[in-house]
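Me: I'm new to this one and would like to go through it slowly. Could you take my questions as they come?

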Amino acid sequence: MNAIIQSVNPSDDSLLLGGVNLRSRLFVGTGKFSSHEIVPLVLEASGSQVVTMALRRVDWKNPQENILNYLPPNTILLPNTSGARTAEEAVRIAHLAQAAGCGNWVKIEIVQDQRYLLPDNWETLKATEQLANEGFVVLPYMSPDLGAARRLQDAGAAAIMPLGSPIGSNRGLQTKELIRILIEEISLPIIVDAGIGRPSEAAEAMEMGAAAVLVNTAIATAGDPVFMAQAFHLAVVAGRLGYLAGPGERRITAEASSPLTGFLQEG
Amino acid sequence: MFYEQITEWQQKLPESTWASFSGADVERVLARESLRPQDLAVLLSPAALSYLEPMAKKAQALTIRHFGRTIGLFTPLYLANFCSNSCLYCSFHTGNKIVRCKLSIAQVIKEGEAISSTGLQHLLLLTGESRTHSGPAYMEECVHALRPMFASLGLEVYPLATEEYRRLFEAGIDSVTLFQETYNEVTYAQVHPAGPKRDYHYRLEAPERACASGISSVNIGALLGLSDWRQDAFYSALHADYLQKTYPGVEVAISVPRLRPYAGSFQPSADPVTDAILVQIILAYRLFLPRAGITLSTRESPQMRENLLSLGITRLSAGSLTSVGGYSETDNVGSAQFEIADERSVPDVVAMIRAQGYLPSFCDWVNMRAKDAVGL
Ligand code: SF4
């Protein structure tokens with residue numbers, strides 16, 4: 001095997017988050033599936049270690065309907081605060097999740113606009129500050145804005161989760177340029193969340209240097225969710241390898257065969 | 001106020017417009033990504049009836065993208081059937097000699113326990129309009145009694161004042177359901193000959209008062225078939241759109257109740273809403289309001305509910321009883337408000353949803369305000 005490929009062997013590449021070394025850089029959501037029974041199969045095909053679920057959708061009263069009972073034992077739970085409209089509500093949901101035994105990771109999702117489901121960065125910052133202070137591993141879902149991301153970093157977020165496009169829109173990386181700036185400027189892992197509709201878009205995000213991607217709708221609503229999970233797994237690995245390998249500079253114009261400054265070397 | 005939009009559109013959309021739309025108009029609308037009110041009118045026009053299949057394909061894809069393959073379940077609990085209104089289409093109306101009663105708080109708890117034991121966690125509380133027998137204070141007591149047992153409590157009662165909605169919201173109500181019945185003021189006056197419900201405007205503005213009180217979700221709708229269904233469907237959807245835009249933090253849902261027979265004799269003069277028309281309305285709602293919940297009650301037959309499930313429905317009532325005190329065999333059982341067409345039990349409805357390739361969801365909410373909200 002040649003040296004370059006060996007040096008980017010994906011099995012040596014891991015993402016340190018919340019004190020855990022994650023081998024898989026694909027996070028998966030549990031919403032929108034047609035049955036709970038399919039979820040473990042999807043997780044296996046995706047290779048995911050981190051699984052997000054809306055606390056509001058966890059059915060604690062009916063064990064058969066409780067999504068937590070369908071997750072493999074080693075899964076890292078990432079409860080999200082879907083349904084919260086304010087920092088206060090998000091904090092309350094995080095506390096409920098912790099009390100229910102979901103661990104201390106939380107994805108802050110605060111939405112005040114039910115039409116586009118765009119996150120409220122200001123409320124998100126307030127919730128992040130409080131929960132990080134309390135010792136939670138906080139992953140805030142946000143609209144990609146450099147100023148907000150810096151504040152979230154200062155507030156103690158463990159990673160930043162900018163949206164690629166609105167939740168469930170499957171529109172891909174509409175915010176690509178803004179995410180690229182976050183990747184360059186923020187030292188925390190940038191995990192692209194929401195909007196990724198195709199494996200190629202996940203690969204693109206990873207190639208840009210995203211630390212991970214979170215995919216839910218695109219897998220859950222695919223014709224075959226298990227195959228799609230596998231496709232995303234491969235795409236994320238491919239994109240990551242592409243990033244690590246360091247793609248050659250893309251040339252904007254073709255290089256003139258006789259260099260314009262070639263005369264300098266002459267004589 | 002939404003009423004201004006109604007008057008504006010009444011001028012823009014005279015009766016003659018509906019027949020003027022063509023198949024080409026429908027095709028143009030189907031090619032659009034987001035729809036305007038004039039596009040909604042095209043989808044409700046006679047021309048769209050020949051395009052139900054392409055409309056259904058698009059509606060199904062949109063629904064799955066935004067809501068997934070998940071159907072939320074809820075059930076109604078009738079708290080009291082005293083009513084001072086005279087709605088011609090309802091068996092609870094004040095002139096009908098029916099058994100009137102109201103549940104005591106002990107009975108409310110018993111009913112709640114019976115419902116909760118079926119696994120259902122979203123409950124809709126209903127009363128007739130009687131400030132004496134079932135006023136806001138009584139509702140609040142019921143909310144306190146039921147709050148610990150359910151993930152979400154909704155209210156489907158007569159229109160209240162903003163302050164009353166706020167109190168009930170603080171007590172633990174998550175959603176308010178209120179149907180305008182018909183947006184046509186003339187029909188509205190005819191079918192509501194007496195009682196406080198005669199006030200069209202107070203009712204029309206009630207969902208907005210609920211939104212302003214801080215409530216998380218509202219569910220509106222027209223009783224389809226009471227008046228011209230095209231107009232009622234158009235204004236219901238426009239109303240939902242208005243609420244979404246004015247109160248972006250509130251989840252807005254729309255119901256599609258069809259007029260059902262009851263123990264009286266009212267027959268509307270408007271054209272009946274056939275199965276195909278009901279489908280057309282649901283599809284038009286979904287395409288115009290991609291993110292709105294669409295609620296279907298047990299007024300529809302099991303077969304119809306099965307067929308409608310994949311077209312855009314997101315919430316279904318299950319195991320419903322429309323009589324006061326029917327769930328726990330208390331001796332205080334009042335008459336039913338309307339006949340339900342789907343009498344299947346909760347497990348049967350769950351099995352039906354699964355057979356259609358959907359996930360029945362018992363719980364989609366955490367109440368974050370009430371002190372005694374559901375404990376984990
Ligand atoms: S529809 Fe409601 S307000 Fe009208 S009579 Fe029936 S219970 Fe009373």
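Me: In which sense do β1(B) and strand β8 of chain B pair, and over how many bridges?
Reply: β1(B) and strand β8 (residues 315-317) of chain B pair in the parallel sense over 3 bridges, where two strands pair if DSSP finds at least two bridges between them. Within this pairing, Leu73(B) stands opposite Leu316(B) in β8(B). Strands here are DSSP runs of E with at least two residues, helices are runs of H or I with at least four residues, and both are numbered from the N terminus.

Me: Before I go on, what sort of model is this, and how is the numbering done?
Reply: This is a predicted model, in which local features need pLDDT of at least 70 and side-chain atom pairs count only at pLDDT 80 or more, while totals for chains, interfaces and linings use all residues, and side-chain values use heavy atoms, with hydrogens and water left out. Residues are numbered from 1 along each chain as its sequence is written, and chains are lettered from A and ligands numbered from 1 in the order in which they are written.

Me: OK, back to β1(B): which strand does it join over 5 bridges?
Reply: That is strand β2 (residues 122-127) of chain B, which pairs with β1(B) in the parallel sense. Tyr78(B) stands opposite Leu126(B) in β2(B), and the bridge partner of Pro76(B) is Leu124(B).

Me: And what does the chain pass through from β1(B) to β2(B)?
Reply: The chain crosses through helix α6 (residues 105-116) of chain B, and this β-α-β crossover is right-handed, a term used if, with the strands pointing away from the viewer, the path from the first strand over the helix to the second runs clockwise.

Me: Where does β2(B) pair on from there?
Reply: β2(B) pairs with strand β3 (residues 152-156) of chain B, in the parallel sense over 5 bridges, and Leu125(B) stands opposite Leu155(B) in β3(B). Together with helix α7 (residues 136-146) of chain B, β2(B) and β3(B) make a right-handed β-α-β unit.

Me: Why call β2(B) largely enclosed?
Reply: Because 6 of the 6 residues of β2(B) are buried, it is largely enclosed by the rest of the structure; buried means under 20% relative accessible area, exposed over 50%, and partly exposed in between, with a 1.4 Å probe and protein chains only. His122(B), Leu124(B) and Leu126(B) point one way from the strand, and Leu123(B), Leu125(B) and Thr127(B) point the other way.

Me: Switching topic, which residues have the most contacts inside the largest nonpolar core?
Reply: They are Phe234(B) and Leu316(B), in a core of 123 residues, where a nonpolar core is a set of buried Ala, Val, Leu, Ile, Met, Phe, Trp, Tyr and Cys residues joined through side-chain atoms within 4.5 Å. Helix α13 (residues 275-288) of chain B gives the most to this core, with 10 residues.

Me: Last one: where does Gly325(B) lie, and is it buried or exposed?
Reply: Gly325(B) lies in the loop between β8 and α15 (346-355) of chain B, and it counts as buried, at 0% relative accessibility. Gly325(B) and Lys110(B) are 215 residues apart in sequence and 9.1 Å apart in space, C-alpha to C-alpha.
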